[in-house]
Amino acid sequence: MNDVLDVALRLLVVFVVFLTFPLIIGQTEHKVMAHMQGRLGPMYAGGFHGWAQLIADGVKFAQKEDVVPAGADRRIFQLAPAVALLPYLLVLLAIPIGPGEGAVGQVIDAGVFFVLAVMGVGVLGSLMAGWASANKFSLLGGLRTAAQLLAYELPMLLTAASVAMAAGTVSLPGILDAFEWWWLPWQIIGAIVFFVAGLAELQRPPFDMPVADSEIIFGAYTEYTGLRFALFLLAEYAGIVVLCGLTTVLFLGGWHGPWGADGLGWVWTLLKTAVLAFLVIWLRVTYPRLREDQLQKLAWTLLVPLSLAQIALTGIVKVVIQ
Amino acid sequence: MTLAATAALLATGPTTGAAAQTHGFLSPTGVEIAFLLVGLVTFGAALVTVTTRQLVHAALWLVVTLGGLAVEYLLLTAEFIAWVQVLIYVGSVVVLLLFGLMLTRAPIGRSPDADSGNRWAALAVAVAAAAALVWVVVDAFRTTWIDLDGPAAGSTEATGASLFQNWVLPFEALSVLLLAALVGAIVLSRKAKAESSSPPVNAPGVTKSSRTVTQGSGSSEQEGAR
């Protein structure tokens, strides 16, 4: 009975995190973008600095009519948002937030493989949406999504493998247990490559070619309205949470910090994740969108060689220090 | 506690230990029942994959099939293999498949020409291959039982150790095979590029400007495909 209660509690906590953190990041994006552009952003909903803006947005989305285009493949069109969103919920289960077995939803032996595999499944949602909408813009968006995923999955995997080599384990808590501060400069190239590739996988600016609203009208999501569209947006922000959390765990030492190691580990994890999320928003405001060929070129001629170099470096240092 | 162990715990409850001792076929454990049910779903999805007339649906049913296989691996405590299965097959191979379908043609609804004249030959080959595989696996593992309660037999550590201690040669041979496939793919794509750019040079009546346009679009296509 105690076991069941424990599992239920963990699932509940992960679920609450899954529902709140993306909204917090979304609201932060509203405000940070506004201030970077010399605006105020939402100020009315909820009273204090528009804190309830996203809740109001959610209510608006829920009230909208749920339209499925006549020419669309109905079932796949309706299934796509769930396929896009659920993988991120599963990934959150495996991300450790503090030291010990108590601070992770579920200890998974092959954690690195689990998170990368399940994150890759999420992209299927965009592909399904792009195809099933029976819309040229959507199909283009789906195509670009697939091309982008194929280009960026490889550097992401290679850099994650580099960390796994350094730690000698593929379990996420195991990697954190093995972490030393000097891994930071050692794995810094891998960290940057992983983060950039992750941004591309999430289709965040400057890699938002697949959704490019000004040319292909939000790509795969053109035909979506109401709650289903909101689910896709939620998937994007949940993706930011997952990517920042993973980068924190793999490269920035997760719950390790200069002080307060016992009891305050989770604060470090959250802090690092929040800083990375801010970086994601900052990049969106700063850089223009990359063209499709520039994006492919960046992946194949820069990120893949860099990640291979990182693996070589990791291997050499690992052999030397043994 | 690993995920597989949790699944086993949830599925079986307290009776696992006794059943694992006797290995009775007449009193199947929860894991065995789950294994059988997932297997049936996987088999059904595989059948739909090859029989459906809707191309993209076939690719999506393939996702279900491969995912079902991953669940089977999980139930057999081979966690590492299960996640690699999802990563490689669902995450990459099916995405590549969908990419190819969308790039060429992916009509919504049935494609009447999505059928083959040699379906019976294909069926014969498939049945023969399945029979050979089943025979080999049954013959090799006839008396082997996996202890689901003990330490995971297919953990990353166990898989890695057996792969690099006992199976290094096949592993290396496979990597050479993959390398050859990679080089072959590059050679094929280079050849296609040379062919696509050569006809406008020799073709009569092609103006200079249109030639550069063709070449430009050809190379950009190449870039996208890569």
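How far apart are the end C-alpha atoms of helix H11 (residues 265-286) of chain A, and what should its 22 residues span at 1.5 Å a residue? The legends below describe a predicted model, and the first of them takes up this question.

**View 1. Helix H11 of chain A and its cover.** The end C-alpha atoms of H11(A) are 32 Å apart, which agrees with the 32 Å that its 22 residues should span at 1.5 Å a residue. The buried residues of this helix are A:Gly265, A:Trp268, A:Thr269, A:Lys272, A:Thr273, A:Leu276, A:Ala277, A:Val280 and A:Ile281. Helix H1 (2-36), H8 and helix H10 (226-251) of chain A are included in what covers them.

**View 2. Crossing of helices H8 and H12 of chain A.** H8 (residues 188-202) and H12 (residues 292-321) have axes that come within 9 Å and cross at roughly 145 degrees. The crossing of H8(A) with H12(A) is left-handed. On the H8(A) side the contact is made by A:Ile189, A:Gly190, A:Val193, A:Val196 and A:Ala197, and on the H12(A) side by A:Leu303, A:Leu306, A:Ser307, A:Ala309 and A:Gln310. Of these contact residues, 7 are nonpolar and 3 polar, with no charged residue.

**View 3. Helix H4 of chain A.** H4(A) has 22 residues, and the distance from its first C-alpha to its last is 32 Å, close to the 32 Å expected at 1.5 Å a residue. The helix is mostly covered, with 22 of its 22 residues buried. Just after H4(A), A:Ala134 has a positive phi of about 55 degrees.

**View 4. A:Asn135 in the loop between H4 and H5.** A:Asn135 lies in the loop that joins H4 and H5 of chain A. A:Asn135 counts as buried because it has 22 C-beta neighbours inside 10 Å, and the cut-off for a buried residue is 20 or more. Neighbours within four places in sequence aside, A:Asn135 is in contact with A:Thr222 and A:Glu223. The C-alpha atoms of A:Asn135 and A:Ala72 are 8.3 Å apart, although the two residues are 63 residues apart in sequence.

View 5. The largest nonpolar core has 128 residues, and A:Val91, A:Phe113 and A:Leu116 touch the most other members. A:Val91 is in contact with A:Val115, A:Val118, A:Met119 and A:Val242, leaving aside its neighbours within four places in sequence. In soluble globular proteins, nonpolar side chains tend to be buried together.

**View 6. The side of chain A that touches chain B.** Here 33 residues of chain A are in contact with 29 residues of chain B. Two or more residues on the chain A side come from each of helix H4 (111-132), helix H5 (136-167) and H12 of chain A. H4(A) gives the largest share, 12 residues. The chain A side divides into 23 nonpolar, 5 polar and 5 charged residues.

**View 7. Chain B.** Chain B has 10 helices and 0 strands, and its elements run α-α-α-α-α-α-α-α-α-α from the N terminus on. Buried residues make up 18% of the 226 residues in chain B. Of the contacts in chain B between residues at least 6 apart in sequence, 61% join residues at least 24 apart.

Terms used. Residues numbered from 1 in each chain as written. Chains lettered and ligands numbered in written order. Predicted model: local features only at pLDDT ≥ 70, side-chain atom pairs only at ≥ 80, totals over all residues. Helix = DSSP H or I, 4+ residues; strand = E, 2+ residues; numbered from the N terminus. Buried ≥ 20, exposed ≤ 12 C-beta atoms within 10 Å, placed from the backbone. Contact = placed C-beta atoms within 7 Å. Axes fitted to C-alpha atoms, helices over the stretch in contact; angles between N-to-C directions. Left-handed = near helix turned anticlockwise from the far one by under 90°. Nonpolar A, V, L, I, M, F, W, Y, C, P; charged D, E, K, R; others polar. Core = buried A, V, L, I, M, F, W, Y, C linked by C-beta atoms within 7 Å. Expected span 1.5 Å × (residues − 1).
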